[in-house]
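This note is intended for a colleague meeting the structure for the first time. The points below may be read alongside the sequence and the model.

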Amino acid sequence: MDLFRKAILEAGSPEDFALKLVQDAIKPQRQTKLIQDENQLLENILRTLLQELVSSAVQSGENIMQYGQSISDEASSEGQIPRILDIVLYLCEKEHIEGGMIFQLLEDLTEMSTMRNCKDVFGYIESKQDILGKPELFARGKLVMLRTCNQLLRRLSKANDVVFCGRIIMFLAHFFPLSERSAVNIKGVFNTSNETKYEKDTPDGISIDFNFYKTFWGLQEHFSNPASLLHAPSKWHKFNSSLMVVLNTFEAQPLSDEEGNANNLEDEAATFNIKYLTSSKLMGLELKDSSFRRHVLVQCLILFDYLKAPGKSEKDLFTETVKDEIKSCEERVKKLLTMTPPKGNEFLHSIEHILERERNWVWWKRDGCPPFEKQPIDKKSVQDGAKKRKPRWRLGNKQLSQLWKWAEDNRDALTDPQRVCTPDITEYWKPLAEDMDEAAGIEAEYHHKNNRVYCWKGLRFSARQDLEGFSKFTEYGVEGVVPLDLLPSEVRSKYQAKPSDRSKRAKKEETKSSANQAEKNQNANPANEVDGEGSRVDLEASAVQMETDTATGNISQSGTPTPEDQQKQSSDTDGQEAGQIEGDAEVEPEIVDGETDVDVDMVATV
């Protein structure tokens, strides 16, 4: 310890004597890198020395970072505590000692110092942040530095030490990478301890509606904890009714351009308050303040944006009625922002841009905070003087050359049945079936039915493999084509055909097929009937002629017919006429075109 006391009083850079000092302090080792036990021994020595220096500075009433500082004619030297910190920082940077030792000494120093001295200590930390942020030191001490800064933030007052708190937060943002999970509110916890206190009892001499006053400031309870609206529907109805009262008041009392310009936020003399005063006597003046109205309306947009954020569980989802109410309220709030001077439209566009970035931030956290930084691609260095030649491809371009080298035998590769494989519809429609399951909680904008290429391919597959399911497309759309086996029971009943519908459809198809068959038969029968009846009439005509010739022959042979022959001839003639009349009666209903010709032939024959 005495060696370190003498070293911090010496002038010169730590590079000249730091390593030799450690080797002399930790005898008899002469190595350039200490082992674990030696590091622990050195850390105990340094922490004890630091505690003694802080105690001496407090007793002397000096600032701890300036204790032991001597002023010479040429320049002022450093204090003893910054000197010892520089020595340890150099040894950690060169990896002579354990890298986390400097962070442990800084934590001890902030714990032993008052808030006034902590500002000087933190100023030293800010001056060395480039060295402290190097990968070899950051990996060893990032958790210790985070703990140190968080302890400082807890000790500081958010109202009186705003600048110092901002310095600490900015340092953490610079010290830690953007994808550091420790600096992210992964669970989205709200600061419910931030309560807004306002008057509960009606004061004397108030000039405004006290019920409106309580309704207005009662909204802050919901703004500080939006998650409470998800679990209790009664709270949402209460918040909605209170918000309607406030919006109606804003719409009934619009601000003029003069009132808006009187409280312009871009004015350099404008002051920004952490919280507005909640006195009932100031309510009338605050309603005429454009920045006051904008604060309240922006709070409404932030709350609506949280309620509409995706990824919530099924129990946290709102009904369709509540969603419509949220959309209606959001439109009214945006309209009021555009009406609030000055530059209402520009202000609304800025807020919408900020909320869009916030939604991307939320998605990034839910994806597990993947790193933003991407490693650069290593490019092969070209030798000096060598010209870079353009790649030459055998078949004209890279794609054709790769296709030609697809297999050893390209002809077999083209005829391989595994090259083109039509997927099974059961496997193809699984993503859409998962979207249709309400328990999955997938929003409608992310459903596969919105992908036209996906639906077009699926309909082609179903037309080839499942024609019955494909027929449901006209009635239910693309969701009706999904096989029923993939759907849950509550969704399957919606797209499953009822037995009565099946029987009606079968009867309709049977009736249609029988009607088509009857029409075909009717078209074929007239031609057959014409041919058959025509041949039958010819045969009858031939028979009549033969009988007539026979009768004539008998008459000619006998000369004079006998009475018996006359009677027989008359009976035959009567039978012939009766047969002819009967034949005509049969032909008339069915034969139209050939009726005249047949009658003429029969008359000629007779």
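**Notes on selected helices**

1. In this predicted model, helix 22 spans residues 452-465 and comprises 14 residues. From its first C-alpha to its last, helix 22 reaches 20 Å, close to the 20 Å expected at 1.5 Å a residue.

2. Helix 22 has a buried side. Its buried residues are Y454, C455, G458, L459, F461 and S462. These residues cover an arc of only 165 degrees around the axis, and therefore lie on the same side of helix 22. The face turned away from that buried side carries the exposed residues R452, V453, W456 and R464.

3. The cover over the buried residues of helix 22 includes helix 20 (425-428) and helix 21 (430-436), as well as helix 23 (467-470) and helix 24 (473-476).

4. The axes of helix 4 (residues 80-93) and helix 5 (residues 101-112) come within 9 Å and cross at roughly 155 degrees. Because angles over 145 degrees count as roughly antiparallel, helix 4 and helix 5 are roughly antiparallel to each other.

5. In this pairing, helix 4 contributes I81, L85, V88, L89 and C92, which meet M101, I102, L105, L106 and L109 of helix 5. The residues of this contact divide into ten nonpolar, no polar and no charged.

6. Finally, a single arginine deserves mention. R293 lies in helix 15 (residues 290-307). With a relative accessible area of 4%, R293 is buried. Leaving aside residues up to four places away in sequence, R293 touches F250, Q253, P254, L255 and L287.

Key
Residues are numbered from 1 along each chain as its sequence is written. This is a predicted model: local features need pLDDT of at least 70, side-chain atom pairs count only at pLDDT 80 or more; totals for chains, interfaces and linings use all residues. Side-chain values use heavy atoms; hydrogens and water are left out. Axes are lines fitted to C-alpha atoms, for helices over the stretch in contact, and angles run from 0 to 180 degrees between N-to-C directions. Helices (H or I, at least four residues) and strands (E, at least two) are DSSP runs, numbered from the N terminus. Angles under 35 degrees count as roughly parallel, over 145 as roughly antiparallel, 65 to 115 as roughly perpendicular and the rest as oblique. Contact means heavy atoms within 4.5 Å. Ala, Val, Leu, Ile, Met, Phe, Trp, Tyr, Cys and Pro count as nonpolar, Asp, Glu, Lys and Arg as charged, and the others, Gly among them, as polar. Buried means under 20% relative accessible area, exposed over 50%, partly exposed in between (1.4 Å probe, protein chains only). The expected span of a helix is 1.5 Å times one less than its number of residues. The arc is that of the directions from the helix axis to the C-beta atoms.
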